[in-house]
Amino acid sequence: MFELLYTSHFREIFGSEPEPADGLGYESVEERLAQRGLEIPDALFDYYSVAGYHWINKKQNRLRPIEELDWYRDWLVFMDDDQGLVSWGIHRHDLSSPDPAVWQGILGEEIEWFQEDLTLSKFLIEMCREGV
């Protein structure tokens, strides 16, 4: 569903499409999620499939590997900033949406959550742009 969107934006941002080695592939994502007992939105599933291993995911903001996806109360945390001050997550009620809203969590004694103005697919693309 989102593979073509990510591929076209990678071409625009990086000058080429993601290489097969940049992604985990559909079956690997499915298997890893099953091992964790997790379901994630299509936008994140497809991103892992196409670009989950791409270097941009570790440059400024770090996309968590599937094995490190973790719950903080009602948010599934999928990304952290490089300074350990902010995390991003998806609200539990939005996990069944193909392209849900993203929430930014400001780390402190408690995480304070604020909804971003972007859907998950647009957020992932913007994180790529910011990392270049």
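Tyr47 counts as buried because its relative accessibility is 2%; buried means under 20% relative accessible area, exposed over 50%, and partly exposed in between, with a 1.4 Å probe and protein chains only. Before I continue, a word on the basis of this talk. The model is predicted, so local features need pLDDT of at least 70 and side-chain atom pairs count only at pLDDT 80 or more, while totals for chains, interfaces and linings use all residues. Residues are numbered from 1 along each chain as its sequence is written, and side-chain values use heavy atoms, with hydrogens and water left out.

Let us turn to the aromatic rings. The structure holds 10 aromatic pairs. Rings of Phe, Tyr and Trp (its six-membered ring) pair if their centres lie within 6.5 Å; planes under 30 degrees apart count as stacked, over 60 as edge-to-face, and the rest as tilted. One of these pairs joins Phe10 and Tyr47, and it is tilted, at 6.4 Å centre to centre with 50 degrees between the planes. This pair links distant parts of the chain, since Phe10 lies in helix 1 and Tyr47 in helix 3, 37 residues apart. Helices here are DSSP runs of H or I with at least four residues, numbered from the N terminus. Phe10 counts as buried because its relative accessibility is 3%.

A second tilted pair is formed by Tyr26 and Phe45, 5.0 Å centre to centre and 55 degrees between the planes. Here Tyr26 belongs to helix 2 (residues 26-36) and Phe45 to helix 3, 19 residues apart. Are these two residues buried or exposed? Tyr26, at 49% relative accessibility, counts as partly exposed, whereas Phe45 is buried, with a relative accessible area of 12%. Ring pairs also link Phe2, Tyr6, Phe10, Phe14, Tyr47 and Trp55 into a cluster.

I now come to helix 1 itself. Which residues of helix 1 are buried? They are Tyr6, Thr7, His9, Phe10 and Ile13. What covers these buried residues includes helix 3 (42-51) and helix 4 (120-131). Just after helix 1, Gly15 takes a positive phi of about 85 degrees.

Thank you for your attention.

Key: Helices (H or I, at least four residues) and strands (E, at least two) are DSSP runs, numbered from the N terminus. Contact means heavy atoms within 4.5 Å.
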